[in-house]
Amino acid sequence: MCQNENPLLQKVYETGFALDEATLYLDTHPEDSQAMEYYQYVKRASQSAVSAYEQTYGPLMINQVEANTWTWVNDPWPWEGGN
Amino acid sequence: MWRYEKRLQYPVKISQTNPKLAQFIISQYGGPDGESAAAMRYLSQRYAMPYSKGKAILTDIGTEELGHWEIIAAIVHQLTRNLTPQEIEESGFGPYYIDHTTGIWPQAAGGVPFNACEFQSKGDPITDLFENLAAEQKARTTYDNILRMVKDQDVCDPIRFLREREIVHFQRFGEALRDVQDHLDSRNFYAFNPAFDKVPTQNTRQSSRQNSK
């Protein structure tokens with residue numbers, strides 16, 4: 001992956017992708033205990049990457065707006081390539 | 001239901017516009033083997049899937065495809081930002097521009113509009129999963145074709161990511177197919193359609209024998 005200049009967002013991408021891979025694998029291998037351990041690990045990593053990013057740059061999910069104003073509407077939006 | 005996550009699954013940051021390339025890549029937005037067809041195919045097929053692993057994989061790959069659809073739109077959008085009329089004319093982007101300006105609209109590279117006939121939902125889990133295996137390979141070929149035309153690293157990078165996902169999804173659908181077949185009679189997988197036919201159980205077989213006596 002090309003390195004993102006924002007290291008907090010880079011971490012969100014990396015851990016989010018690991019979670020996507022683990023969850024699809026588990027869908028067809030729900031009894032794989034090693035994969036379950038990996039899932040628990042990447043789930044925690046992804047959660048902490050997301051909250052670290054959100055603290056500085058605002059919500060990634062609509063139910064994570066912590067400010068007094070509606071920061072969900074703030075630019076940039078994902079397709080704009082400005083992150 | 002779905003909730004939006006305000007990021008792409010894979011980042012897209014393109015500095016050099018290229019409307020000609022955008023016209024090729026838009027095929028993965030609304031073309032015959034594109035990401036919109038993929039998402040609709042898998043999410044629509046779920047209702048005829050009798051087995052739990054299959055229900056999960058159709059849901060989660062279908063959801064990921066929605067994210068890929070958004071990545072393609074982001075690529076096309078960034079390739080066509082701030083174009084001048086001269087650039088549009090010289091690049092051959094004119095016919096698209098006349099109807100859509102630089103808005104995003106689902107069509108194939110050749111201009112054919114998106115059509116639900118690009119995918120199948122046949123109501124038979126074996127048939128549907130074979131459709132999906134073929135669909136993932138067709139999308140992989142399309143990405144191979146696109147990659148031969150791309151020289152810009154900013155565009156190659158997310159396209160390569162999407163190409164690799166086709167291969168992973170092919171693998172997962174293969175596993176789902178094996179799971180479906182494990183539920184069926186290995187002497188004849190096609191003896192009945194588990195999404196439609198009432199499956200004869202031991203008890204009903206016995207009772208129908210008694211009835212016929």
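**Figure 1. Overall dimensions of chain B.** A compact globule of 213 residues would have a radius of gyration near 17 Å, but chain B comes out at 22 Å. This is a predicted model. Along the principal axes, the C-alpha atoms of chain B fill a box of roughly 85 × 30 × 30 Å. Of the 213 residues in chain B, 36% count as buried.

**Figure 2. The helices of chain B.** Chain B has 9 helices and 0 strands. Read from the N terminus, its elements run α-α-α-α-α-α-α-α-α. Now take the contacts in chain B between residues at least 6 apart in sequence. Of these, 79% join residues at least 24 apart.

**Figure 3. Where chain A meets chain B.** Chain A gives 17 residues to the contact, and chain B gives 28 residues. On the side of chain A that touches chain B, 11 residues are nonpolar, 4 are polar and 2 are charged.

**Figure 4. Helix 1 of chain A, end to end.** Helix 1 of chain A covers residues 7–28, which makes 22 residues. At 1.5 Å a residue, this helix should span 32 Å. Its end C-alpha atoms are 33 Å apart, which agrees.

**Figure 5. Buried residues of helix 1 of chain A.** The buried residues of this helix include A:V12, A:Y13, A:T15 and A:G16. Further along, A:D20, A:A22, A:L24, A:D27 and A:T28 are buried too. What covers them? The cover includes helix 2 (33–57) of chain A. It also includes helix 4 (52–79) and helix 8 (153–183) of chain B.

Methods. Residues numbered from 1 in each chain as written. Chains lettered and ligands numbered in written order. Predicted model: local features only at pLDDT ≥ 70, side-chain atom pairs only at ≥ 80, totals over all residues. Contact = placed C-beta atoms within 7 Å. Nonpolar A, V, L, I, M, F, W, Y, C, P; charged D, E, K, R; others polar. Helix = DSSP H or I, 4+ residues; strand = E, 2+ residues; numbered from the N terminus. Expected span 1.5 Å × (residues − 1). Buried ≥ 20, exposed ≤ 12 C-beta atoms within 10 Å, placed from the backbone. Rg over C-alpha atoms; globule rule 2.2 N^0.38 Å.
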